[in-house]
Amino acid sequence: MRPLTTISLAALLCLALLTLPVPAAEAPAAGALKVGDEVVLMADGPGRTMRSFPAVGFGRDLFLAAWQEGWHGKGGGSRIYVARVGLDGKTLDPKGIELAPCKTGVQEYTRVAFFGGVFLVVWHDMRNGKDCDVLAARVSPEGKVLDAQPISVAAGPRTQAMPDVAADDKGFMVVWHGFQGEEVFPKVFSARVGPDGSRGEPVVVTDGATPRIAWNGREHLVIYSMGRHKRWLRMDTSGKALWNPTTRSWSEGVAGDPVCSTCALSSERGWLIVYHGGEPNWWYRSMAIQRVARITPEGKKEAPGDTNGNYGPKGGVPPENWLDTSFGKETQANVGGSAHTPAVFPYGGSALAADGQYCVVVWQRYHMGGASNMEMANGDLLASRLDGWKPLDKGGVPVAASAAEEINPALAGNGAGKLLCAYEKVEDGRARIVVRTLQTQ
Amino acid sequence: MKITLGIAATALAAAVACWPAGYGKAEDKPAAPAPGAPDLDNLPGIVFDDSVGDWVVDRFAGNTMAGSWFYQGPALEVGGLRPNRAPGECVATPDGTVYVLCALSGGSFAKLVEVAPDGTLRLLMGDKGLIEGPMELCRAGHPIWNPKEKTLYLAGLNCLRKVVQKPDGSSWVEVVAGIPNKPPTPPPYGKPYVPQDGPAREATFQSWYRGAVCNSRGTVFWLEDRGLRRIENGTVSSVPLKFSEKEESFSFIMRQNLLSLGENNDTLYISDNYGAGHQRILRCDLKTGQLTRVCGINPKAAGDRYKRYGREADGPALTHASDNSGIWGHYDPFHRALWINGPDAKRIRWLKLDGDGWVRTVIGALRPEMKPQRFGPRELNGAGVPAEQFISDRYNYYAGTDSKGGLYIIRWTDTTGVWRAYNRKEVKP
């Protein structure tokens with residue numbers, strides 16, 4: 001064959017390869033997850049430049065977003081505000097609604113659920129200036145706060161903090177952690193709150209802290225921290241932990257930072273949890289991972305691969321349940337350190353919600369920078385639909401990926417393909433709470 | 001085979017020939033130590049201080065079981081504290097308030113918290129916010145106490161900021177030196193680096209924070225990879241440094257807060273803490289700029305590189321004391337001692353300035369005659385734990401001192417809080 005002919009054939013082959021379509025599995029499924037426009041909730045609130053930790057619930061064809069407005073540290077007066085958001089992603093309460101006006105202390109870490117025609121918003125409140133109590137208030141779909149004085153869910157003498165709430169078939173179940181008597185360590189408590197505002201007696205669920213709760217139609221999953229581990233247990237509607245005869249245990253667990261999100265699949269399929277991997281360190285021996293696992297109705301963890309190791313997944317191939325990882329990504333020299341660190345670092349908060357067909361997850365991914373080049377400098381949010389523990393939108397669909405920092409996502413779905421994601425957007429040190437709709441069907 | 005046998009025979013002959021020449025002769029061995037004197041050639045790695053049994057440790061802030069989300073309240077019930085894994089991030093003021101900078105490695109999620117004398121822990125500044133403005137709207141920085149002005153300063157972000165108390169009780173943060181987020185302009189290729197000194201608000205500081213301190217005259221010293229800066233009367237100047245060893249530059253790595261005040265206003269200590277020959281704690285005479293090694297084996301001068309250098313070793317400071325990935329020293333005015341520690345140190349040791357020049361272990365190792373006690377989460381969160389039982393499978397870090405003789409400690413493996421050690425014969429909790 002003459003050289004010219006060889007070159008021509010090679011060029012044709014290259015051209016043919018270039019014009020081949022990219023395999024669908026390698027790119028986000030176009031059109032499967034549509035992200036709406038960004039809407040700012042209450043641009044000129046009393047919190048000036050400080051607002052954080054949004055939460056979202058859904059009920060009666062609208063979303064209720066809640067957040068802490070204002071500085072929550074010493075001398076601060078952060079307050080929980082709520083705003084209703086329509087299915088179109090537009091706010092119905094542009095000036096926000098202050099939930100529990102109070103002259104003293106700070107209000108933090110709000111969570112939302114819907115049952116019996118009302119939203120229940122829970123938070124912890126440091127109005128005595130010394131320790132936190134868990135309070136709650138109901139909000140009607142018309143935007144009216146139904147409790148002139150907050151419902152006192154847990155207001156004992158010591159710290160009662162980090163509440164979460166889920167709706168089940170009887171009403172609301174609130175969980176939190178608190179300190180009793182002279183105990184050195186906290187316990188997880190639960191208490192029922194009715195849609196009429198009535199409160200049941202607190203029940204000790206287990207030793208532990210920072211509980212998260214999700215109802216799968218038959219039982220609650222309570223996931224909580226135990227030292228440097230996360231554990232979970234199944235709980236009935238009376239707040240009693242359920243014995244697992246298969247594993248002969250009350251709870252299961254996995255090592256690693258307890259921060260995670262959870263939502264229910266169904267009574268037959270259990271729950272999902274999303275949790276992150278290690279944090280940055282000087283030797284780049286810690287991998288960033290955002291990953292999914294299914295918790296079966298029996299309380300067993302199901303995921304194809306997992307690791308808390310420092311050197312990469314087995315065989316060098318990230319398991320299918322990993323949403324995102326720093327493993328194998330571009331690296332950059334860290335400053336003041338001795339090694340290279342990844343340029344992106346999936347880490348921190350995530351949010352899960354069901355859309356009727358799938359669960360959807362929104363997770364954080366940071367770009368590394370700052371003075372050390374290993375500071376998580378700019379957070380972005382990505383989303384994927386999940387079929388059990390399997391991500392369907394490989395690599396993630398960007399929800400918020402601007403030059404501003406977009407972090408701390410919260411998510412709720414209407415069960416028919418429409419979801420609302422609320423998050424913090426920080427630019428030049430000024431934080432706002434913004435929302436976007438996600439459409440899956 | 002013949003060649004091999006030949007080589008072996010030659011080697012044997014050479015060895016025999018050398019023997020009478022003196023190699024291994026008894027009179028060439030070092031003399032045995034005098035009775036009662038320490039055998040310096042076989043010194044153990046740990047040399048306990050006489051006071052080791054008098055030290056106890058209390059949990060000061062944070063709770064191992066309270067989870068990784070930060071919230072406020074009674075200091076011993078707070079979750080998610082995560083003190084910055086660096087020395088000197090706990091700053092105690094004369095009124096008993098303790099400031100703690102918290103962050104992940106590299107500086108993510110930095111927050112400055114305050115533990116009031118009544119034990120209430122509050123957030124002062126978070127990781128998001130303004131550079132200047134009302135304190136609650138500003139982002140955190142490394143805390144420095146100005147004893148002359150009785151004011152908190154904040155270092156970082158290429159600048160030095162000051163917390164000003166307003167008449168109405170509110171606090172305001174303002175930049176007093178440097179240009180926020182503006183690092184020094186790099187020199188043209190091939191030209192030496194010249195620090196950009198001058199009027200304080202026009203000077204530039206390097207991005208990666210290495211440490212800053214303020215003496216009783218209100219003068220701030222700011223350590224950089226290429227020198228030491230002085231911030232005084234609205235002006236920034238460079239301190240001309242004179243190295244007394246061959247290595248005429250710093251070789252810092254990995255850590256921050258490598259600068260410490262000294263026993264008077266003309267003395268500082270600099271922990272030049274990594275690299276061959278660079279594992280040294282230097283006394284800086286500010287009048288002359290002279291840097292003098294006061295701790296850390298210099299393997300090039302003292303030899304013994306493999307026996308003790310690069311290990312957590314006690315003993316005579318200049319010939320036997322060392323640490324693993326670096327060594328650092330911070331001055332404790334109450335005890336007139338340098339606390340000796342390092343990035344991989346399990347023990348907290350000291351070099352008493354009025355002592356015999358030895359580094360000795362005070363915290364984190366058990367004397368051979370003592371029995372190990374249970375040291376679980378309950379002890380880790382309790383009070384009065386014997387300091388020699390306060391053992392870490394990774395690292396115990398020096399974090400600061402207070403005027404009552406307290407020593408603040410953070411731990412690598414339990415990132416949830418701060419501990420305070422003290423000599424129960426000297427001070428009360």
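Q: What makes the five strands in chain B an open sheet, and in what order do they stand?
A: In this predicted model, the order is β7-β11-β10-β9-β8 (chain B), with antiparallel pairing. The strands β7 (133-134) and β8 (142-146) of chain B stand at the edges with a single partner strand each, so each has one side without a neighbour in the sheet.

Q: How do you know that strands β10 and β11 of chain B pair?
A: Strands are DSSP runs of E, at least two residues long, and helices are runs of H or I of at least four, both numbered from the N terminus. Two strands pair if DSSP finds at least two bridges between them. Strand β10 (residues 159-165) and strand β11 (residues 171-178) of chain B have seven bridges, in the antiparallel sense, so they pass that test. For one example, V163(B) has V173(B) in β11(B) as its bridge partner.

Q: How do you know that E424(A) and K128(B) form a salt bridge?
A: The rule asks for a side-chain nitrogen of Lys or Arg within 4 Å of a carboxyl oxygen of Asp or Glu. For E424(A) and K128(B), the closest N and O atoms are 3.2 Å apart, so this pair counts. Across the interface of chain B and chain A, the rule finds eight salt bridges.

Q: What makes residues of chain B and chain A count as being in contact, and how many do?
A: Contact means heavy atoms within 4.5 Å. By that test, 48 residues of chain B are in contact with 60 residues of chain A.

Q: What is meant by the area buried between chain B and chain A, and how much is there?
A: Buried area is the accessible area (1.4 Å probe) that two parts lose on being put together, summed over both. Here that comes to about 4,600 Å², with 59% given by carbon and sulfur atoms. M65(B), W69(B) and K128(B) supply 16% of the area that chain B buries against chain A, more than any other three residues.

Q: Why are 58% of the residues of chain B called buried?
A: A residue is buried when its relative accessible area is under 20%, exposed when over 50% and partly exposed in between (1.4 Å probe, protein chains only). Of the 429 residues of chain B, 58% count as buried.

Q: How are the residues and chains labelled, and what limits apply?
A: Residues are numbered from 1 along each chain as its sequence is written, while chains are lettered from A and ligands numbered from 1 in the order in which they are written. Local features need pLDDT of at least 70, side-chain atom pairs count only at pLDDT 80 or more, totals for chains, interfaces and linings use all residues, and side-chain values use heavy atoms, leaving out hydrogens and water.
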